Amino acid sequence: MSPPMSPMKPPKGFAPMSCCWSTETMQKWLPFLGWLPDYTWYALKMDFIAGISVGLTVIPQALAYAEVAGLPPQYGLYSAFMGCFVYFFLGTSRDVTLGPTAIMSLLVSFYTFHEPAYAVLLAFLSGCIQLGMGILRLGLLLDFISCPVIKGFTSAAAIIIGFGQIKNLLGLQHIPRQFFLQVYYTFHNIGETRVGDAVLGLVCMVLLLVLKLMRDHVPPVHPEMPTGVRLSHGLVWTATTARNALVVSFAALVAYSFQVTGYQPFVLTGKTPEGLPDAHIPPFSVTTANGTVSFTEMVQGMGAGLVVVPLMGLLESIAVAKSFASQNNYRINSNQELLAIGLTNILGSLFSSYPVTGSFGRTAVNAQSGVCTPAGGLMTGALVLLSLDYLTSLFYYIPKSALAAVIIMAVVPLFDTKIIRTLWRVKRMDLLPLCVTFLLCFWEVQYGILAGTLVSVLILLHSVARPKIQVSEGPMLVLQPASGLHFPAIETLREALLSRALETSPPRSVALDCTHICSIDYTVVLGLGELLEDFHKRGATLALIGLQVPVLRVLLSADLKGVLYFCTLEEAEKYLKQEPGTQPYNGNEDSVPEHKIALLKA
C-alpha cells in the first residue's frame, strides 16, 4: 500500500505520533483506511450493484437457513446484516460476505437444542474465541484440518441438510431431526405427502436449476453490442443472479392467490415479527418451565459446539477468502479475517444473531457482480434491515416448500462428486480421513471432524516417525533420509544402519547424508551418540555430510565424541582412504571444517 501523499503533522506542543499509531499500523488493523482514500465513482457504482445482488440473494436464504438451524425465520435475517457492516471496516477481501450459511446453520441446530437463547449465546462465545485466536495469531491451528476432512464434512453436511428439507418439500409433519430417524420417518410417512407442497417445491427446484444454467451460459457482454442487446443481457443477468428472491416471490404470490380464494394447499412460513430486535447482552441464563438454566449449564449443554462451531466458522470463511483472493490476484490477512468474523459474531449476538461465517455462494455472486471493495456489504446490510422493517408481513405467505427448494439447490454444489476419483489418483491414503469424516458425521458432526482430523494427524506423524531412507552403494554406504529427522524417526534410522552396515561382515562405513535435515532435537542427538559408539566398537566409521548450520550448531553444542562432519561425500571418501575403518577415530574441534566454524560464529 502506498503511503499518504502528505503525512499529518502533530500540532505544535504535542509529541510526534508514536510508531504504534503509525499510518501503516492503522491500515493493518483497519484495512478500509488503505482503500477508502482512493475510492472512485466507478467503484461506488459497482459496489452498489453487487450489494443489491447479494441482498436479493441473502434475504430468502436467511429465512431458509433459519429453518435448518431450527430457529424462527426472523433469526436468519437477524444474522444477515452485522457481518456486512463489520467487514467493511475490518475485512481484507473485497469479495467475501459474512452471514448465515447452510453448514453453520446445521451446526447450530446440533448444539443449541433449537432454542434461540442458546444460539445467541453460542454466537457470542464463538465470537470471543475467534477474536482471541485472531489477537493471539492462532490461525495456524486451522492448518491441521486437512482438505480430505473438509471435503468429507461438507459432503456429509450437504446430504444431511438436503435430506432434512425433504419433509418441507413434501409437506410432511412431525419428522424428527436426528438423521437416521429422519430417513426412517420420511419414508414411513411418505403416504402423507401434501400434493400442493410437493408440486410447488419441485417446480421451484426446476426454476432455480433453469435460471442457474441460464446464468452459467449467458455470453459475455461487449461494448460494441447494440444497446438493446446489452439491456436484455443485463435483465437476464439480474434475473438469474437474484433467482432465489425471484422464485420465492413467485411461490409467495401463488400462495397468496390461493389464500384469497379461501383454500390453502401449502404449509406457510407464518407470522414473522417486524423490525430489528432491541440491542441487549446475550442471555447468560434462560428460564424454562422446569426452572432457570444457569450459564454453566448452558455451556455444558453446548459442549463440543464451543470448539466445533468457531473453528468451522473460521475455516469456512478463510477458505472462501483465500479461494477468491487467488482467483482475483490479491492477498488477504488470515489473522485479520479472524478478527473480523470474531467481532461480527460478538456484535451480532447483541441483536439476536446466531453464529455466521463467510458464504461461498453469496461471495461468488458478489465477485461476479463486479464488486470493487467491501463497501458493497453496506448496501446488502441496508437491504436486510429494510426487509426487516417493511417486508416481514409478506414473509407470512412464503411456502416452506419453496424455502426447502432454495436450500436443496444451495447445498447440492457442496457435495464433491470428483474428490474420491481425484484422491485415488493423487494419494490413496487420503481417502481414509475422507471416508472416516464422511461416515461419522452422520452420527455426530463433532465426532466426524475430530476422527478425521485425528486420522490425518496420524498419517502425518507416520511419515515423520518412519521417513523413507534412500540407500546408495559405493566406497561408502550412503543413507539419506528423504525428510526431516525428529525423535520418532531415530529408531527407524538405527534399524537401517544396523541392518545394512553393522550386521554385515565385515562392518561397513556409512555416510549419513543430512541434506534434507533442517533441525534435530535432543532425542536425535542421543540416538546419534549411541550410533557413533556402536560404529566405534565395530571398527567402522559413521560420517555426517551436507549438514545445515542449525543442525551443526546443535551437534557442536552437544559435544558428541567421535563425530565426523564433511561438506561432500567426496571429502568423506577421501578421509576413509586415509584413515582405515578398523582404526577408531576420536573427534575433536579440528575435525570440524573451518568454513562451518565460520558460519557458526557468524
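Student: What does helix α7 reach from its first C-alpha to its last?
Tutor: In this predicted model, α7 covers residues 116–135, which is 20 residues, and reaches 29 Å. That is close to the 28 Å expected at 1.5 Å a residue.

Student: Is α7 mostly covered or mostly open?
Tutor: Mostly covered: 15 of the 20 residues in α7 are buried.

Student: Switching topic. What is the mean pLDDT of the protein?
Tutor: The mean is 86, and 93% of the residues reach 70 or more. Residues 1–20 are below 50, and beyond near neighbours in sequence that stretch has 8 contacts in the model. Residues 580–592 also stay under 50, with 21 contacts beyond four places in sequence.

Student: Why be careful with stretches like that?
Tutor: Where pLDDT is low, the predicted coordinates should not be read in detail.

Student: Cysteines next. How many disulfides does the structure hold?
Tutor: It holds 0 disulfides. For Cys-372, the nearest cysteine sulfur belongs to Cys-84 and is 17 Å away. A disulfide needs the two sulfur atoms within 2.5 Å, so Cys-372 is in none.

Student: Is Cys-372 buried or partly exposed?
Tutor: Cys-372 counts as partly exposed because its relative accessibility is 27%.

Student: Now the open sheet. What is the strand order?
Tutor: The sheet has 5 strands in the order β5-β6-β7-β8-β9, and the pairing is mixed. The edge strands, each pairing on one side only, are β5 (469–472) and β9 (564–566). On average, neighbouring strands are turned by 25 degrees against each other, direction ignored.

Student: In which sense do β6 and β7 pair?
Tutor: Parallel, over 3 bridges; β6 is residues 477–481 and β7 is residues 510–513. Val-478 stands opposite Ala-511 in β7.

Student: Which helix packs on the sheet?
Tutor: Helix α27, residues 569–578, packs there and touches β6, β7, β8 (542–545) and β9. The direction of α27 makes about 135 degrees with that of β9.

Key:
Residues numbered from 1 in each chain as written. Predicted model: local features only at pLDDT ≥ 70, side-chain atom pairs only at ≥ 80, totals over all residues. Heavy atoms only, no water. Helix = DSSP H or I, 4+ residues; strand = E, 2+ residues; numbered from the N terminus. Expected span 1.5 Å × (residues − 1). Buried < 20%, exposed > 50% of the residue type's maximum accessible area, 1.4 Å probe, protein only. pLDDT = per-residue confidence, 0-100. Contact = heavy atoms within 4.5 Å. Pairing = 2+ DSSP bridges. Axes fitted to C-alpha atoms, helices over the stretch in contact; angles between N-to-C directions.
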